[in-house]
Amino acid sequence: QFRDSYHYALAVASEIAAPALRLVARAASRSAPAPPASWRTGVIIGRDHIGDVLYRTCSLEALHTGLPDCRWSYLTSESGAAVLAGNPALAHVLAWTSDSDERPLERAKRDELAKKMFDVALCSDNIAHHHAVMLALKLGIPNRVGFTRKGLSGLVTFGVATDGPTSHPAAFRRMVEAVTGLPDPSPLRPRIYPSQNDLRAADSEWHRLAPHDAEFVIASAVTTRQTIGDFPPGFFSDILRRVLVLSPTARLLLSCGANDRHVLEA
């Protein structure tokens with residue numbers, strides 16, 4: 001559950017200090033915690049890379065259905081907002097953060113968030129969860145839902161436990177099930193809601209790119225922004241060359257972000 005002993009020690013220290021942290025959190029909150037049935041406005045806070053946002057979409061419908069009187073906002077980046085567009089479970093998508101670093105939210109945006117007077121924050125990070133918890137505390141949000149397996153339980157008002165190591169989508173589902181009190185048996189598969197314009201544009205691009213004589217087409221990204229466990233482009237190209245040896249009539253479509261265009265051209 002921890003990447004190194006330093007963070008483990010911090011988590012243990014935060015649990016030793018939990019009584020004092022509860023006093024601090026109580027003083028920073030606008031009001032006392034309330035049961036989920038009374039929540040009317042909520043915000044989802046967490047890592048805002050597009051992949052992190054996508055895995056949370058698996059359970060947003062269950063969250064909306066389980067707490068139908070609560071209107072949910074999602075705080076994210078522009079790329080995260082793109083995959084949340086049209087999601088019927090959300091009242092607002094706030095594309096106010098950056099997906100390129102961990103800088104704190106701008107003061108002006110934080111003040112604007114505070115004015116919204118959210119009843120609850122879902123602090124949904126599985127790794128650096130303290131960022132979301134601290135932001136919720138600075139906003140004075142009285143109900144703070146968070147995972148407790150990594151410490152800081154004194155700063156959350158609704159702790160969510162997970163049974164051993166689990167995938168990130170399953171952990172967020174556990175959070176949703178905990179606050180709604182209802183099981184969610186639906187697949188852990190991202191859900192997006194493309195518009196008719198999106199579908200027409202995708203169909204047009206497919207017909208522009210895909211050769212008609214191809215036995216099948218493989219679409220592949222060959223770059224990543226991860227700093228740990230990153231594979232070089234040659235790793236992907238070697239695998240794709242082997243595929244073409246096995247199936248010479250297959251065709252490849254390579255994709256990337258605009259900043260990585262030079263990698264594809266090479």
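## A nonpolar surface patch

Y8, V12 and I16 form a nonpolar patch on the surface of this predicted model. Together they have about 320 Å² of accessible area, computed by the Shrake-Rupley method with a 1.4 Å probe and only the protein chains shown as cover. Patch residues have over 30% relative accessible area and no salt bridge, and nonpolar side chains are joined within 5 Å. A salt bridge is a side-chain nitrogen of Lys or Arg within 4 Å of a carboxyl oxygen of Asp or Glu.

Y8 sits in helix α1, residues 5-16. Helices are DSSP runs (H or I, at least four residues), strands are E runs of at least two, and both are numbered from the N terminus. Y8 counts as partly exposed because its relative accessibility is 48%; buried means under 20%, exposed over 50%, and partly exposed in between.

The largest nonpolar core has 25 residues. Such a core joins buried Ala, Val, Leu, Ile, Met, Phe, Trp, Tyr and Cys residues through side-chain atoms within 4.5 Å. W39, L63 and W72 are among those with the most contacts inside it. Helix α8 gives the most to this core: five residues.

L63 touches I44, W72, L122, V176, V179 and T180, leaving out residues up to four places away in sequence. Contact means heavy atoms within 4.5 Å. A second, separate core has 21 residues, including W96 and L152.

## A171 in helix α8

A171 lies in helix α8. A171 is buried, at 0% relative accessible area. Beyond its neighbours within four places in sequence, A171 contacts N126, F147, T162 and T166.

## About the model

Residues are numbered from 1 along each chain as its sequence is written, and side-chain values use heavy atoms, without hydrogens and water. In this predicted model, local features need pLDDT of at least 70, side-chain atom pairs count only at pLDDT 80 or more, and totals for chains, interfaces and linings use all residues.

Key: Patch = residues over 30% accessible without salt bridge, like charges linked within 9 Å, V, L, I, M, F, W, Y side chains within 5 Å. Buried < 20%, exposed > 50% of the residue type's maximum accessible area, 1.4 Å probe, protein only.
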